[in-house]
Amino acid sequence: DSDSETSTLPGVHEGKYKPGVPYNKYSSSNRNLKELLNKNYTAQLARAIANIVGFESPIHVSIIIERLKEVYGVSRAGANIQSNVKRAIERATKWLNLIKRGGFLYRNTEMIDGFRIPSEHVVRTLNQIAPEEIENAILYLVEDQFGYVRERVLKAVMELFGIGKNRIENPATVELAIDRLLDNGKLYLS
């Protein structure tokens, strides 16, 4: 039914789902450029990545690369840097208690119970927003409005994450999040 409203489960008390908080960006300086450019510094680069993930988790790999460019003061990440970052991420997930899932890095055992909205320095695409954050945003919107027409959830989520109408985004990301919430019994159609 195209006019179905998505609602939270009965008995869910008001205010269970938190509003978004501004995205805080990791910053650091005085890093040795060799860590980024030389494959023999994988352990040091893995620690730098773990520091970023520790501050910005969950974080998409493409944002990690952007953050590393800022931290190390380079303007682009060519094949060598990308290869070193990939190797360092593998090491960080093996030795530094990070989890890689679907293009995102997480602190191990982290429970994602909120979502981050754009800040002055960070605006993400839908593909750069972890599925758990999108789900939490949907739950917040539905609870805040006492229900939502499913077809309007995409637009509301995009607005919440500061994604303008003119940007081309993949609506499947939000649709999949809605489907997961319905399958898990966190949302229902009425």
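**Close-up views of a predicted model**

Ring pairs link Phe 115, Tyr 140 and Phe 161 into a cluster. The model is predicted, and the legends below describe selected parts of it.

**Figure 1. The aromatic cluster of Phe 115, Tyr 140 and Phe 161.**
For Phe 115 and Phe 161 the ring centres are 5.9 Å apart and the planes make an angle of 70°, so the pair is edge-to-face. Phe 161 lies in the loop between H6 and helix H7 (172–183), so its pairing with Phe 115 ties together parts that are 46 residues apart in sequence. Both Phe 115 and Phe 161 are buried.

**Figure 2. The contact of helix H5 with helix H6.**
The axes of H5 (residues 131–144) and H6 (residues 150–160) come within 10 Å and cross at roughly 110°. This angle makes H5 roughly perpendicular to H6. The crossing of H5 past H6 is right-handed. On the H5 side, the residues in contact are Ala 137, Ile 138 and Leu 141; on the H6 side, they are Val 153, Ala 156, Val 157 and Leu 160. The contact is made up of 7 nonpolar residues, with no polar and no charged ones.

Glu 135 has a relative accessibility of 13% and so counts as buried. When neighbours within four places in sequence are left aside, Glu 135 is in contact with Ala 177, Arg 180 and Leu 181.

**Figure 3. The cis peptide bond between Ser 57 and Pro 58.**
Most residues other than glycine have a negative phi, and most peptide bonds are trans. The bond joining Ser 57 and Pro 58 is cis, with omega at about -5°. Pro 58 is found in the loop between helix H2 (42–56) and strand S3 (59–60).

**Figure 4. Positive phi at Asn 97 and at Phe 146.**
Asn 97, a residue other than glycine, has a positive phi near 65°. It is placed in the loop between helix H4 (79–95) and strand S4 (98–101). Phe 146 likewise has a positive phi, in this case near 55°. Phe 146 sits in the loop between H5 and strand S7 (148–149). Its relative accessible area of 65% means that Phe 146 is exposed.

**Figure 5. The protein as a whole, for orientation.**
The secondary structure comes to 7 helices and 8 strands. Along its principal axes, the C-alpha trace spans about 60 × 35 × 25 Å. Of the 190 residues, 45% count as buried. Among contacts with a separation of 6 or more, 73% are between residues 24 or more positions apart.

Methods
Residues numbered from 1 in each chain as written. Predicted model: local features only at pLDDT ≥ 70, side-chain atom pairs only at ≥ 80, totals over all residues. Heavy atoms only, no water. Axes fitted to C-alpha atoms, helices over the stretch in contact; angles between N-to-C directions. Helix = DSSP H or I, 4+ residues; strand = E, 2+ residues; numbered from the N terminus. Parallel < 35°, antiparallel > 145°, perpendicular 65-115°, else oblique. Left-handed = near helix turned anticlockwise from the far one by under 90°. Contact = heavy atoms within 4.5 Å. Nonpolar A, V, L, I, M, F, W, Y, C, P; charged D, E, K, R; others polar. Phe/Tyr/Trp six-rings, centres within 6.5 Å; stacked < 30°, edge-to-face > 60°. Buried < 20%, exposed > 50% of the residue type's maximum accessible area, 1.4 Å probe, protein only.
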